[in-house]
Amino acid sequence: MPQLHFIQQGQGPTVVLSHALGCDLQMWDEVATALQARYTVLRYDHRGHGQSPASSGAFNMDDLADDAAALIRQQVQGPVHFVGLSMGGMTAQALAARHPALVRSITVANSAASYDAAAKAGWQTRIDTVLAQGMAAIADGALLRWFTPEFRADAQGSLRVAALRAVLLGTAPVPYAASCAAVAGIALDESNRRITCPALVIAGTRDEATPPALSEAIARNIPGAQLASLDASHLSAVERPAEFAQLLARFFSAH
């Protein structure tokens with residue numbers, strides 16, 4: 001199990017932030033800043049992303065959940081509010097089912113619980129492309145899925161887009177492909193029915209990577225889950241950080 005790179009800031013109850021595929025903990029910069037006055041914010045790089053080492057060979061979403069569980073056990077006393085977006089949201093779902101004692105609540109943003117055959121074929125195409133041609137071959141397509149045209153055109157937004165593009169291009173192809181395979185293989189619908197902690201599901205109304213219907217399906221399967229939406233594309237926490245942090249704070253204060 002890799003030793004994950006993390007940053008911890010703030011004070012109060014602990015919130016763990018888990019990033020999307022091809023990103024790193026910088027994805028959470030604005031959200032972490034918004035939360036740090038009231039919460040201890042712990043954000044980390046998934047294996048093979050950012051400054052966390054890659055693992056050798058294949059892994060699945062249970063392994064990513066176990067990575068997160070090991071980090072929580074090492075760094076935190078007691079259960080945490082676990083917030084994940086996209087791949088991080090899949091990690092949140094698996095974590096809550098596998099390690100219920102470690103989570104006080106989960107937030108699952110812009111994510112999925114399972115993929116149909118067509119989506120799995122798309123993931124395989126992306127894996128093949130990255131392994132044959134490198135990260136630059138998929139970067140433009142990823143950024144089009146991650147952000148709305150307005151955000152990409154905005155002066156501040158374009159700076160964030162450029163920074164996250166650099167992170168994506170800096171991700172090594174083999175660990176990225178292994179992560180794609182872990183994401184493509186998720187089958188969380190059944191285990192989601194066993195989740196007992198409070199859950200908030202956040203959809204992006206303009207998210208074409210994980211459309212709102214996928215968030216609605218997650219919310220239906222997790223008992224008592226709340227569903228919210230933001231006017232954003234896939235990386236809603238980057239496009240709408242203030243609103244994202246507000247949703248979190250309101251949800252945390254009730255749990």
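Hello everyone, and thanks for coming. A word on the ground rules: the model is predicted, so local features need pLDDT of at least 70 and side-chain atom pairs count only at pLDDT 80 or more, while totals for chains, interfaces and linings use all residues. Residues are numbered from 1 along each chain as its sequence is written, and side-chain values use heavy atoms, with hydrogens and water left out.

Let's start with the whole chain. You can see 12 helices and seven strands; these are DSSP runs numbered from the N terminus, with helices being H or I of at least four residues and strands being E of at least two. The C-alpha trace spans about 45 × 40 × 35 Å along its principal axes. For 255 residues, a compact globule would have a radius of gyration near 18 Å, and the chain's 16 Å agrees with that. That radius is taken over C-alpha atoms, and the globule rule is 2.2 Å times the number of residues to the power 0.38.

How much of the chain is buried? Of the 255 residues, 55% count as buried, meaning under 20% relative accessible area with a 1.4 Å probe and protein chains only; exposed is over 50%, and partly exposed is in between. As for contacts (heavy atoms within 4.5 Å), take those between residues at least 6 apart in sequence: 77% of them join residues at least 24 apart.

Now please zoom in on H234. H234 counts as buried because its relative accessibility is 5%.

Which residues does H234 touch, leaving aside neighbours within four places in sequence? They are L85, S86, N110, R145, W146, D207, A209 and T210. With T210 there is also a side-chain polar contact of 3.2 Å. By polar contact I mean a pair of N or O atoms within 3.5 Å; within protein, one must be able to donate a hydrogen and the other to accept it, and residues adjacent in sequence count only if both atoms are side-chain atoms.

Two of those partners deserve a look at their backbones. S86 sits in the loop between β4 (80-85) and α3 (87-98), and has a positive phi of about 60 degrees without being a glycine. S86 is buried, at 10% relative accessible area. N110 belongs to the loop between β5 (103-109) and α4 (117-133). Its phi is positive too, at about 45 degrees, and N110 is not a glycine. N110 is buried as well, with a relative accessible area of 0%.
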